[in-house]
Every structure is written in C-alpha cells, then in structure tokens.
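Subject: Structure for your review

Hello,

Here is the structure I said I would pass on. My notes on what was found in it follow below.

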Amino acid sequence: MAAKKLNLKDKYGLLTRDLDWEFSYQNRKEAFPFEEFEGIKITDWDKWEDPFRLTMDAYWKYQSEKEKKLYAILDAFAQNNGQLNVTDARYVNAIKIFLTAISPQEYQAHQGFAHIGRQYGGVGARVACQMQSLDELRHVQTQVHAMSQYKAGFEPTTFGL
Amino acid sequence: MSKVYIALQDNDESRYIVEAIEEDNPDVTVIHNPAMIRIENEGYLVVKKSTVEEKMGRDWEVQELHLNLITLGGNVDEDDDQLSLSWNA
C-alpha cells in the first residue's frame, strides 16, 4: 500500500508552526527586539497563514523543475552563440538597463526579507520570509546567469558602456 | 468590484489549465499576449485540480501551477483540490 500523503494544510502546519520552539535560556523579547518597535502590536501570529501554504520541500521541488527549463534555454543560447545571432543591439541595451535598475533591487529584497524573517516572532511569517528571501536571491542569480553570456564578445565589466 | 487575474506562460501545459479555468469560470476574459496568457474575472476565479486533470489526462497537483505561473492578483486560497482568487466585497 502506498504511503499516505499528508494533505496540504497538515503539511503546512508541520513545516511552519511545528518548527518553532520555546526558548529556555533566552528572553523572547530580547531575541526579537524589533517586534514591538515603536509600539507595534501583534496580537496573534498564529492567525496568519501563507495563502499558498508553500513549504520548503515544495519550493525546492517546483523551483528546481522551473530552473531546468530556464537553463535549457540558456544552454541552447550559449551553444549557438546567441549573443551574436539571436539578439540585436536593442536587447543588449535593455540588458544594461535591467542589470542596473532591477537586479540590484532584487538583491536588496533578498536581504530585506532575510532581515525581517529573522525578526518576526511568528513562525508562519518567518518561513514565508525565508522562502521569499531565497526567491529574490534566485532572481538575481538567474538574471546574472542569463546575461553572463554577453561577456563573450562584449566588454566584460561594462557591457561596452 | 475589482478584477482578479492570473497570468501563465503560453505553453503546452498552460493551454490545458486555461481550458479548465474557462470551463469552471464561464465569465472569464482570456487575453493572449506574446508568450503569456492572462485570464481576468470580476471578483472571483477558481482553478480546480479535478478539471485540470481531466483536460491534461494525467494527475496534476495544484502546486504545479507554480511551474507556469507568471503573476496573479487577488486573495489566494489554496488547498489540495483548488486554488481560488477573490477580492473581499
């Protein structure tokens, strides 16, 4: 008989709420100093659930599958010298704007979510921030990987700027 | 009332998901953009596991939606059987 599969709501509970613990040697208020910053009041963290009920196992499973699709495209582009044939100058200019206007903000979002994830006392929101933080970092990485093909034949550090 | 929306990559999987959404939500507007299909509806929209499985002819987990998902708008509620989008009236 096949092993019984946990339903999504139970799995979400086990992989969020169930990962929290009581501190035995540290004051909780000192561990989460920003939680009451400037009079912020959280009455019940447990009332918040991630509407997607996303958990780490599912995140890795689906994102790795998604990245396989992306990297297949990047490989095909690289093998066929796409930087010389497929795209034209306008695309390279779009890349320059993207790399300076978007990618750094994705990295800042990664750091920001890592920070608030650390500071949230509620484990549901904390786990959600962890995944959001990873996702933003993944965005930067895939963008840099996609653009990195342009180091072939273009000024490597400045894209010819 | 505001519109909820979901945008999917235009590929062989999404086509079946779009068919399922159209069947379960007869009033939706389907907009075909380059490489993207955007589906809008007034107030509410649901993606049902059973309908998508019927269209695809294979097992399908609701979380697989993430593979083809570009963006969405509306309050999400997801469990093993469906994902719904809604705006609180």
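In chain B, strand 6 and strand 7 make a hairpin, and 3 residues lie between the two strands. The model is predicted, so please read everything here as computed from it. Strand 6 covers residues 75-78 and strand 7 covers residues 82-86 of chain B, and their antiparallel pairing runs over 4 bridges.

Strand 3 comprises residues 36-42 of chain B and pairs with strand 2 of chain B in the antiparallel sense, over 5 bridges. B:H32 has B:I37, in strand 3 of chain B, as its bridge partner.

Is strand 2 of chain B buried or in the open? The number of buried residues among its 5 is 0, so strand 2 of chain B lies largely in the open. For chain B as a whole, 26% of the 89 residues count as buried.

On the overall fold, chain B has 2 helices and 7 strands. Their pattern along the sequence is β-α-β-β-β-α-β-β-β. The radius of gyration of chain B is 12 Å, close to the 12 Å that the globule rule gives for 89 residues, so chain B is as compact as a globular protein of that length. Along the principal axes, the C-alpha atoms of chain B fill a box of roughly 35 × 30 × 20 Å. Of the contacts in chain B with a separation of 6 or more, 62% are between residues 24 or more positions apart.

Now to the interface. How many residues of chain A are in contact with chain B? There are 10, and they touch 10 residues of chain B. Helix 1 (8-14) and helix 3 (56-79) of chain A each supply at least two residues of the side that touches chain B. Helix 3 of chain A gives the most to that side, with 4 residues. By type, the residues on the side of chain A that touches chain B are 5 nonpolar, 1 polar and 4 charged.

Last, confidence in chain A. The mean pLDDT of chain A is 88, and 93% of its residues reach 70 or more. Within chain A, confidence is lowest in helix 4 (residues 82-85), where the mean is 85, and highest in helix 6 (residues 103-119), at 96. Where pLDDT is low, the predicted coordinates should not be read in detail.

Regards

Technical notes:
Residues are numbered from 1 along each chain as its sequence is written. Chains are lettered from A and ligands numbered from 1 in the order in which they are written. This is a predicted model: local features need pLDDT of at least 70, side-chain atom pairs count only at pLDDT 80 or more; totals for chains, interfaces and linings use all residues. The radius of gyration is taken over C-alpha atoms; the globule rule is 2.2 Å times the number of residues to the power 0.38. A residue is buried if 20 or more other C-beta atoms lie within 10 Å of its own, exposed if 12 or fewer, and partly exposed in between; C-beta atoms are placed from the backbone. Two residues are in contact if their C-beta atoms, placed from the backbone, lie within 7 Å. Ala, Val, Leu, Ile, Met, Phe, Trp, Tyr, Cys and Pro count as nonpolar, Asp, Glu, Lys and Arg as charged, and the others, Gly among them, as polar. Two strands pair if DSSP finds at least two bridges between them. pLDDT is the predictor's confidence in each residue, from 0 to 100.
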